[in-house]
Structure formats: C-alpha cells, structure tokens
Amino acid sequence: MGFCPKCRRENPNDAVFCAYCAAPMTAVPKVAAPAAVMSTTQQQTDVKPIATVGIICAVLSLFFFPPIFGISAILLGAYALSKASEEQKSLCWYAIIFGVIFMILGIFLGMLTAF
Ligand SMILES: [Zn+2]
C-alpha cells in the first residue's frame with residue numbers, strides 16, 4: 001500500500017500521483033535511498049584477515065627469513081590500510097609496525113647466531 005508523502009493518505013501501489021492532493025508519489029525513491037547507503041558500506045573491504053596474516057608474517061620474520069617475512073608484513077599491512085575502515089586501521093598499523101620491528105630484530109638475531 002502506497003502512502004502520499006504530502007498528505008499521508010493511502011493510494012494504490014502503482015499510483016504516480018496522489019489521488020487526493022495530486023502530489024507526486026515519491027515513496028519509491030525514498031525507499032531506495034537507504035539501500036544505496038547500505039551498498040556503499042558493504043563495498044568497504046573487510047581487511048581483518050589480510051592484516052592478521054601481516055601480523056603473523058611479522059612474528060615469523062623474528063625467527064625465519066626476516067627480510068622476506070618482514071617486507072611481506074609491511075606490504076600486507078600497507079595494502080590492508082589502504083582498504084581499511086576507520087576501526088580496522090589500527091590493526092593494519094600493528095602489522096606494519098611489528099613488521100619493521102621484528103624484521104630488524106630478526107636480522108640482529110640472525111647475525112648473533114651466525115657468529
Ligand atoms: Zn496526497
């Protein structure tokens with residue numbers, strides 16, 4: 001059942017103009033507007049898995065192949081950051097920061113164990 005946006009009286013669903021006050025029946029575009037807002041929020045990528053893999057790479061870089069896993073962590077973190085929503089950005093920064101710190105620590109540990 002359609003309702004006139006101006007006078008709020010009932011009209012047939014397929015009515016283009018209100019039968020009572022002749023106002024255009026704009027109810028359909030009004031329903032479509034929230035759906036458009038929904039689709040834009042859904043387009044935002046969930047970067048949590050990418051950032052999590054980045055953090056795992058950062059931790060691995062402490063023990064194995066620091067340059068490979070460290071750079072992977074930084075790249076994954078940076079990529080995730082570019083797609084992240086506001087509340088997920090901190091997680092991406094963890095991947096980048098841990099990537100840098102653990103890569104450097106990993107290289108130092110590697111040098112210590114080599115001698
Ligand atoms: Zn009306």
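User: Which helices are included in what covers the buried residues of H3?

Analyst: In this predicted model, the cover over the buried residues of helix H3 includes helix H2 (48-61) and helix H4 (89-114). The buried residues themselves are Pro-66, Phe-69, Gly-70, Ser-72, Ala-73, Ile-74, Leu-76, Gly-77, Ala-80 and Leu-81.

User: What are the buried residues of H4, and what do they pack against?

Analyst: As a general idea, an α-helix has 3.6 residues a turn, so residues three or four places apart point the same way. Here the buried residues of H4 are Cys-92, Ala-95, Ile-96, Phe-98, Gly-99, Phe-102, Met-103 and Gly-106, and they pack against H2 and H3.

User: How should I read the way in which H2 and H4 cross?

Analyst: Two packed helices are described by the angle between their axes and the distance between the axes. In this case the axes of H2 and H4 come within 7 Å and cross at roughly 15°. Because angles under 35 degrees count as roughly parallel, H2 is roughly parallel to H4. The crossing of the two helices is left-handed, and by class the contact of H2 with H4 has 12 nonpolar, four polar and one charged residues.

User: Which residues of H2 meet H4?

Analyst: On the H2 side they are Lys-48, Ala-51, Gly-54, Ile-55, Cys-57, Ala-58, Val-59 and Ser-61, and the residues they meet in H4 include Leu-91, Tyr-94 and Phe-98.

User: What span should the 26 residues of H4 have?

Analyst: At 1.5 Å a residue H4 should span 38 Å, and its end C-alpha atoms are 37 Å apart, which agrees.

Note on methods. Residues numbered from 1 in each chain as written. Predicted model: local features only at pLDDT ≥ 70, side-chain atom pairs only at ≥ 80, totals over all residues. Buried ≥ 20, exposed ≤ 12 C-beta atoms within 10 Å, placed from the backbone. Helix = DSSP H or I, 4+ residues; strand = E, 2+ residues; numbered from the N terminus. Contact = placed C-beta atoms within 7 Å. Axes fitted to C-alpha atoms, helices over the stretch in contact; angles between N-to-C directions. Parallel < 35°, antiparallel > 145°, perpendicular 65-115°, else oblique. Left-handed = near helix turned anticlockwise from the far one by under 90°. Nonpolar A, V, L, I, M, F, W, Y, C, P; charged D, E, K, R; others polar. Expected span 1.5 Å × (residues − 1).
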